[in-house]
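Subject: Structure for your review

Hello,

Here is the structure I said I would pass on. My notes on it follow below.

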Amino acid sequence: MQKTVSGIFKMVSSAQETSERTLKERQTLVSATGETLADTLHRVLEKEIAEGRLAPGSRLDEKEIAERFGVSRTPVREALRLLGATGLVESKGRQGVTVRTISMATLLEMFQVMAEMEGLCARLAARRITPEQRDNLEAIHRRLEAASVNRSDIDTFYEVNKEFHEAIYEASRNEFLAAQTRALRNRVGAYRRRVTYLPSRIADTLREHDEVMQAIFRHDGDAAHNAMRGHLNLLGDNLVDFIAHFS
Ligand SMILES: [Zn+2]
């Protein structure tokens, strides 16, 4: 029998943890309606992996996760299976399930593909963006500028940056492309975070986002694609920084 999200909310509520992070998790769990318990767990764990909170190579213990969320092991097993299907985790025999570690060579290949996919999202958005989506994108950009002023608040910068990219996926009006791009972004997320939020990158990010946005607003697909590809490609100093932070 599948448990409902309100079910998991009650169970999570009954857990004794009161940290801010747990509260945030509860909100996440409540806002999602119509998901199975396994789906919800999958989403929460996926976010933690993409954000690097669950580091590459770390072990995902079924029992520990079940205790943390106050659920049985069955939905945890299903959530881990779903994470395995998108390549985020791998089963290593006796070691159990671990967050997949990606080699440098593979990462660079993935970045290259992601830059093109996000570029295609931007290209389509330049053709298809609605006036409402345009206003929304601009508002997100202003919030990112505001977040960049307070450089200690890197989490907000990370969240709003993600919103900017999500808004472009949505404006592309190609759900398949959006889903594929999001999945790839999640896989490289833990590694990206190490360089994207270096102080030197923050100013560049704002400038590059502005360039992408202006091209979309001009309905210039080629320029939007090129600007987005440039934003995500690891070239020159960015590549050197990335290699320096890779361990
Ligand atoms: Zn960005």
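Which residue takes a positive phi just after α3? That residue is G52, with a phi of about 80°. Please keep in mind that the model is predicted.

On confidence, the protein has an average pLDDT of 82, and 81% of the residues score at least 70. Two stretches have a pLDDT that stays under 50: residues 1–24 and residues 26–32. For residues 1–24 the model has 29 contacts beyond four places in sequence; for residues 26–32 it has 13 such contacts. I would read those contacts with the pLDDT under 50 in view.

Helix α3 covers residues 37–50, which is 14 residues. From its first C-alpha to its last, α3 reaches 20 Å, close to the 20 Å expected at 1.5 Å a residue. Its buried residues are L37, A38, T40, L41, H42, L45, E46, I49 and A50. An α-helix has 3.6 residues a turn, so residues three or four places apart point the same way.

The other item is a helix pair. Helix α10 (residues 199–217) packs with helix α11 (residues 221–232) at an angle of about 165°, and their axes are 8 Å apart. Because of that angle, α10 is roughly antiparallel to α11. The crossing of α10 past α11 is left-handed. On the α10 side, the contact is made by E208, E211, V212, A215 and I216; on the α11 side, by A223, A224, A227, M228, G230 and H231.

Regards

Conventions:
Residues numbered from 1 in each chain as written. Predicted model: local features only at pLDDT ≥ 70, side-chain atom pairs only at ≥ 80, totals over all residues. pLDDT = per-residue confidence, 0-100. Contact = placed C-beta atoms within 7 Å. Helix = DSSP H or I, 4+ residues; strand = E, 2+ residues; numbered from the N terminus. Expected span 1.5 Å × (residues − 1). Buried ≥ 20, exposed ≤ 12 C-beta atoms within 10 Å, placed from the backbone. Axes fitted to C-alpha atoms, helices over the stretch in contact; angles between N-to-C directions. Parallel < 35°, antiparallel > 145°, perpendicular 65-115°, else oblique. Left-handed = near helix turned anticlockwise from the far one by under 90°.
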